[in-house]
Amino acid sequence: MKKTIIPCFLALLCLFGSLSCGQNLADNSLDLKDENPQPVLVYGVVSSKEPIEKVTLKYWDYLFDPYIKEPPPIIQETVAERGNPFNGGNPGSDYLFSFKIKDIKKPVYISMGDSLSTFLDLFLVLPGDSIALQLDKRNFTISFSGPAQESFNLQAALMKELEGYRFERPSSLLMIRNHSLDHEQREMIESHNQTFGKKVKAVETLDEKLDHLSEKLEARKVVKFGEKIISYEGLVDKKVLDLLTLDYFGKTGISVLKTFETLYKYPRVEQEREQLKEFFQEYLDQEGFIIPPVAQDESSFHYLQFLESFYKGKSLVDGRPFITLVVENEEGPLRDAILARYMLANRNVVSSDMDLLSLASETVENEPFAEIVRSTHSRNREGSPAFPFVFYDTEGKERKLEDYKGKVLLLDFWFTGCSACIGFKENVLSKLEASIGNMDDVLLLSVSSDKDPKIWKKSLESGRYSPESAIHLNTGSLGGNNSFLGHYNISLYPHVMLIDSDGNLARTGFYKPDAGTLMDEINRLLPEKKP
């Protein structure tokens, strides 16, 4: 935040344990600007009953979220070498591999695995790190050695601490909207909770929801992340310790904020929102809930997720746009990283408001975030030529944008199993179908991202996903990685966009549109309706 209350910051860090209370704040910066590019070396031995053909390593120069398509990870693959007396491996069970990540300038997260399982998931490495790992898939053990051994030991211990805490806590069954448990369901939960194993807790009333949020907030004090990090001081590079502090502070905060967002968006009764709003303002919208910025904290993608979740909650409570709040309250690379991440992760919301896109584009200064925001802005600009798509019809023939020249195109993207897509067809497209069915200059293109054509055609036959009168298309064997979907970063479904009769973008996305909104936009594009 721009306005930092230093005493509160120190108290928070003392509580969390990422710093000793007397430490100078200036020492907490992650100054990596002068780092020379250095490689990272990874060596491993995997013991497995099943043969391992190859091992894959991926890392991100800038990681916003491993589930966001952009920026894509850098992927390396190597053939696993069978163990033998001359390479130190057991010929009957061992497979050896090694990687060299060339010349990184800052901390990066790496993941690694074979075709069946993941060995490492988002472990932090610094330029110049070397790590060797021994993984035994037969009894699920992993050990580390080499110069970065203690760093990896700490990260594995933190993951274990978090997973252990989550496993010990009961699973929460949140009752939202008008949902409630019936007598039979209550008996099922009560019967289950009498057995040995993970418990289930129903969260129904407003008091139970507020208590549930308070428990999640208290978990930041209960889970001993800070103590674990402090115990590795002197053993692990301080840059890693600081980033891990941000990572795990972010992880525990995200849980509170995600739960708040769900409860606030979908209250059982409208009066619940006021009490939830008060909870947010009293406990979450406080300096003590968010670690003030330190240099390079945009390198912690969990912390970015945390800040994005915070500003989403604040946007709901204050009734103001997310982008506006971030521009007003953050600055520098952290602000730019939050905006870039938000624009990549929330395509439908962002593309529905060009004014906010323009604000973000004019504000962001630091690379690579500025290029991401500018690119998103330019790709969504109304009137610019649409990216030329190549889809396939039910007979497997290519269908291109140019095939529909002179028509206004409403594109609806969906996939089999998407319940929101089914609801969108029932509540919006079915109503719209009656209005545009007799319009010669308007076409509805129903585009499935199913990779398997059999699954796609079966879904078409069901009639649950697409109106019968639509032109039914598929993205082909690439599925969601089709170049058109990649260009517009379409990853949230359903996704609707409009292309005018000249092949130019009219709208690249809508946020929860209804049939009336879509019809108004279509009418605006028809020749006789254009101003």
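Colleague: Let's start with helix 8: how many residues does helix 8 have, and how far does helix 8 reach from its first C-alpha to its last?

Modeller: Helix 8 has 18 residues and spans 25 Å from first C-alpha to last, close to the 26 Å expected at 1.5 Å a residue. The expected span is 1.5 Å times one less than the number of residues. Helices here are DSSP runs of H or I with at least four residues, strands are runs of E with at least two, and both are numbered from the N terminus. This is a predicted model, in which local features need pLDDT of at least 70 and side-chain atom pairs count only at pLDDT 80 or more, while totals for chains, interfaces and linings use all residues. Residues are numbered from 1 along each chain as its sequence is written, and side-chain values use heavy atoms, leaving out hydrogens and water.

Colleague: Is helix 8 mostly covered or mostly uncovered?

Modeller: Burial is judged by relative accessible area: under 20% is buried, over 50% is exposed, and in between is partly exposed (1.4 Å probe, protein chains only). Helix 8 is mostly covered, with 16 of its 18 residues buried. Just after helix 8 comes glycine 319, whose phi is positive, about 70°.

Colleague: At what angle do helix 7 and helix 8 pack?

Modeller: First, the idea: axes are lines fitted to C-alpha atoms, for helices over the stretch in contact, and angles between N-to-C directions run from 0 to 180 degrees. Helix 7 (residues 272-284) packs against helix 8 (residues 301-318) at about 135°, and their axes are 10 Å apart. That makes helix 7 oblique to helix 8. Under 35 degrees counts as roughly parallel, over 145 as roughly antiparallel, 65 to 115 as roughly perpendicular, and the rest as oblique.

Colleague: Which residues make that contact?

Modeller: Contact means heavy atoms within 4.5 Å. Helix 7 contributes Lys277, Phe280, Gln281 and Leu284, while helix 8 contributes Phe310, Gly313, Lys314 and Val317. An α-helix has 3.6 residues a turn, so residues three or four places apart point the same way. By class, the contact of helix 7 with helix 8 has four nonpolar, two polar and two charged residues. In this scheme Ala, Val, Leu, Ile, Met, Phe, Trp, Tyr, Cys and Pro are nonpolar, Asp, Glu, Lys and Arg are charged, and the others, Gly among them, are polar.

Colleague: Is the crossing of helix 4 and helix 7 left-handed or right-handed?

Modeller: A crossing is left-handed if the near helix is turned anticlockwise from the far one by less than a right angle, and right-handed if clockwise. The crossing of helix 4 and helix 7 is right-handed, whereas helix 7 passes helix 8 in a left-handed crossing. Helix 4 (residues 206-222) and helix 7 pack at about 20°, with axes 11 Å apart, and are therefore roughly parallel to each other.

Colleague: What surrounds helix 9?

Modeller: The buried residues of helix 9 pack against helix 8, helix 10 (332-345) and helix 12 (354-363). Six of the eight residues of helix 9 (residues 322-329) are buried, so helix 9 is largely enclosed by the rest of the structure. Those buried residues are Phe322, Ile323, Thr324, Leu325, Val326 and Val327.

Colleague: How far apart are valine 40 and isoleucine 104 in sequence and in space?

Modeller: They are 64 residues apart in sequence and 7.7 Å apart in space, C-alpha to C-alpha. Valine 40 sits in strand 1 (residues 38-47) and is buried, with a relative accessible area of 0%.
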